[in-house]
Structures are given as C-alpha cells and as structure tokens.
Amino acid sequence: MQLKQKGDIPRPEDNPYAAPGAAPPSPAGHEEVALPVPGNGVRFVAFVIDIVIVYAVVLVLAFGIGVLKELMGAGDLSDLLDGIYLVSAVGLPIAYHTLLEGSALQASVGKLAMGLRVVHDQTVERLGYGRSFLRALVRGMLSFGWIFWLVVLLSKKRQGLWDMLAKSRVVQR
C-alpha cells in the first residue's frame, strides 16, 4: 500500500488488518462513519454470556486448586496455589477480551453470539491487541463499580469509559 500524497487515506481493501467489508476511515475534519449502535439489551446479553464463559473457567480452576490443596495439605505450596488462583481470576477475563476482541474476530464469544464487534472509534477498523488490552484492563478495574455502566447507558455511542480511553466502540456487525 502506497500513499500518493501526504494526507491521502488508504482504501479499506488495501489494509490487511481491516475487517472484511469495513467502512473507510474518516479523514480528520470530516463526518464520522455512522454505524448501528447496539441496544442495551443486546450488550447486556453479550456481557452475561462472556461472564458465564470466563467464570466457568475460573471456577474449574478454583475447584482444581482446592482439590490440590486438600491432597497436599497446608504449606508453602498452598500459598503459591492461592497466588495462582488470584492471578488467574483477574488475568483470565483480561486475556479473554484482549485476545478475542483484538483479533480478526473483533469480538468475544458473547459479542459474536449477539452480532456485535469492537472497532476503533475513528477508523472503524480492527482495534488491535494494544488498545484491546487497555480496554479490557480499564473495564476490569471499573466494572466492580456498577455506576460506571451508567456511562454506557447514557452516552450517544453507548461507550463506557474504557471505550473512550481506548478509542473504541461496540457496533453491530
């Protein structure tokens, strides 16, 4: 892909990272690409699906660690297993959303099931792993305070603070 002049915008078909059929990026100072904003109910169902998947894995891990602790008794290894559980309980949801939403899928399993995807707010292209990690990390930290979900309900593009910081948004496929 070669730009002819400074300020030229590449075509979506020239971008190997763009989703199939992605809308072209909006040039600075021009109208933003309008994409359908999903309703709150659709996003909530996607959220519940993702919570069930992630925490089912965390519960299986917790059960396995509990069994290991019972078999081995108390000791230094018990503290190590507690640490592994804590890191997994926090890290698995972040890794799950980062890897799936930053990939070519552009969506977690819940979002895929509900026909949603996560895109860059301005270019409408794939978010990438860096922005996806930032989005997942901030959402993970703020999700414990349900008041932050009000921002999603009240914003025009249904963006949470995590979306605003990562310059992302959730749209319908």
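Let me start with the side chains of Asp 82 and Lys 69, which meet in a salt bridge at 2.5 Å, N to O, where a salt bridge means a side-chain nitrogen of Lys or Arg within 4 Å of a carboxyl oxygen of Asp or Glu. This pair links distant parts of the chain, with Asp 82 in helix α2 and Lys 69 in helix α1, 13 residues apart. Helices here are DSSP runs of H or I with at least four residues, strands are runs of E with at least two, and both are numbered from the N terminus. Asp 82 is partly exposed, at a relative accessible area of 35%, and Lys 69 is partly exposed as well, at 25%; on this scale buried means under 20% relative accessible area, exposed over 50%, and partly exposed in between, with a 1.4 Å probe and protein chains only.

Please keep in mind that this is a predicted model, in which local features need pLDDT of at least 70 and side-chain atom pairs count only at pLDDT 80 or more, while totals for chains, interfaces and linings use all residues. Residues are numbered from 1 along each chain as its sequence is written, and side-chain values use heavy atoms, with hydrogens and water left out.

By the salt-bridge rule the count comes to 7. One of them joins Arg 43 and Asp 163, at 3.9 Å from N to O, and because Arg 43 lies in helix α1 and Asp 163 in helix α6, residues 161–166, this pair ties together parts that are 120 residues apart in sequence. Arg 43 counts as buried at 13% relative accessibility, and Asp 163 is buried at 0%. Another salt bridge brings together Lys 111 and Glu 101, at 2.8 Å, N to O; Lys 111 lies in helix α3, residues 109–113, and Glu 101 in helix α2, so parts 10 residues apart in sequence are tied together. Both ends count as buried, with Lys 111 at 8% relative accessibility and Glu 101 at 0%. Salt bridges that share partners join Arg 43, Glu 101, Lys 111, Arg 135 and Asp 163 into one network.

Now to helix α1 itself. Its 33 residues, 40–72, should span 48 Å at 1.5 Å a residue, and the end C-alpha atoms are 47 Å apart, which agrees; the expected span is 1.5 Å times one less than the number of residues. The buried residues of α1 are Arg 43, Ala 46, Asp 50, Val 54, Val 58 and Ile 65, and the helix is followed by Gly 73, whose phi is positive, near 80°.

On the surface, Phe 63, Val 67, Leu 68, Leu 71, Met 72, Leu 77, Leu 80 and Ile 84 form a nonpolar patch with about 780 Å² of accessible area together, the areas coming from the Shrake-Rupley method with a 1.4 Å probe and, for residues, only the protein chains shown counting as cover. Patch residues have over 30% relative accessible area and no salt bridge, with like charges joined within 9 Å and nonpolar side chains (Val, Leu, Ile, Met, Phe, Trp, Tyr) within 5 Å. Helix α1 gives the most to this patch, with 5 residues, and Leu 77, in helix α2, is partly exposed at 41%.

Finally, the protein as a whole has 6 helices and 2 strands, running α-α-α-β-α-α-α-β from the N terminus on, and buried residues make up 36% of its 173 residues.
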